[in-house]
Amino acid sequence: MSSSPALLMRLMASAYSVAEKSGAIARRVMQSGDLGIVEKTGANDLQTAADRLVQKSICASLSHSFPKLTIIGEEDLPVETVEEDLMETKQAEEVLLKPCPPEYSSLKEEELVVWVDPLDGTKEYTEGGYWDDSGLLDHVTVLIGIAYGGKAIAGVINQPFFNYQLGSGAVLGRTMWGVLGLGAFGFQLQEVPDGQRIVTTTRSHSNKLVTDCVAAMEPHSVIKVGGAGNKIVQLVEGKASAYVFASPGCKKWDTCGPEAILQAVGGKLTDMHGNAYCYDANVKHMNSAGVLATLRNHEYYLSRVPQSVKQALS
């Protein structure tokens, strides 16, 4: 008789299932027409009913199944009873069937930290809609990252509105996931055409530091989109070669899950100095030295970061 799956794979199977549920919640709120928008710190920092419901769903579901986990979510929500229909107890079979990397086979719940961004790309969520052809809803993701020893080791990205521009009848949404030492799944890994430097950067949080750093990469083209998760998706699907954000606007819940998926396929995410971020429970939430992520050739892009940027983000 085979032994039961390791804790990490059971947690990932639960995270996958609750991410799928989260995508359905985000679609349901959008369909309702009442997004329940509130400003947190300003017009570029919004919270919607989907943010609130998804975080409650993820945190309550994972806490129920894994009570000793440390879970850190973006939204500061009151402690309250979670509705039964937000709970997800299923575990994705396709994840449970994968072998756990040996180095993570004996982890304990209390050693893990889970970082949750219930709706990455909230601004695009509020500006987009099923009817628009701008592709804004493609920027929206649900992000779950798992850290051990301060390192992002596993992650889930759900795109609730994947395929939405195909019109009625299209199956909406997809879930991507990855574990270091195992690989990443739910997408087709691709690289940009040889020699092309395509930089993806922020759509709505730009400043002179950000634009100077992007220009220093000497890109052939620049893509401005919302959502950190979405930018990592662009890297692993060959739409961009580097994600460059020379600003302290990004948080740990934005990068933990996506970083794990990127690293699982050989990519890298660091700050603008080339240092890895730490995802321990007690770290500050802001990625204060910016974000530089690549699928390949990280050292080239790192070498192009201007000294003025490094000094400003020291």
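Reply: Let us begin with handedness: a crossing is called left-handed if the near helix is turned anticlockwise from the far one by less than a right angle, and right-handed if clockwise. In this predicted model, the crossing of H1 and H2 is right-handed.

Me: At what angle do the axes of H1 and H2 cross?

Reply: The axes of H1 and helix H2, which covers residues 49-65, cross at roughly 160° and come within 9 Å. Angles over 145 degrees count as roughly antiparallel, and therefore H1 is roughly antiparallel to H2.

Me: Which residues of H1 and H2 meet?

Reply: From H1, the residues in contact include Leu 11, Ala 15, Val 18, Ile 25 and Val 29, and among those they meet in H2 are Leu 53, Val 54, Ile 58 and Leu 62. The residues of this contact comprise 12 nonpolar, four polar and one charged.

Me: What span should H1 have, and how far apart are its end C-alpha atoms?

Reply: At 1.5 Å a residue, the 26 residues of H1 (residues 7-32) should span 38 Å, and the end C-alpha atoms are 37 Å apart, which agrees. Following H1 comes Gly 33, whose phi is positive, near 85°.

Me: Why is H2 described as largely enclosed by the rest of the structure?

Reply: Buried means under 20% relative accessible area; because 12 of the 17 residues of H2 are buried, H2 is largely enclosed by the rest of the structure. The buried residues of H2 include Asp 51, Gln 55 and Lys 56 as well as Val 54 and Ile 58. In H1, 19 of the 26 residues are buried, so H1 too is largely enclosed.

Note on methods. Residues are numbered from 1 along each chain as its sequence is written. This is a predicted model: local features need pLDDT of at least 70, side-chain atom pairs count only at pLDDT 80 or more; totals for chains, interfaces and linings use all residues. Side-chain values use heavy atoms; hydrogens and water are left out. Helices (H or I, at least four residues) and strands (E, at least two) are DSSP runs, numbered from the N terminus. The expected span of a helix is 1.5 Å times one less than its number of residues. Buried means under 20% relative accessible area, exposed over 50%, partly exposed in between (1.4 Å probe, protein chains only). Axes are lines fitted to C-alpha atoms, for helices over the stretch in contact, and angles run from 0 to 180 degrees between N-to-C directions. Angles under 35 degrees count as roughly parallel, over 145 as roughly antiparallel, 65 to 115 as roughly perpendicular and the rest as oblique. Contact means heavy atoms within 4.5 Å. Ala, Val, Leu, Ile, Met, Phe, Trp, Tyr, Cys and Pro count as nonpolar, Asp, Glu, Lys and Arg as charged, and the others, Gly among them, as polar.
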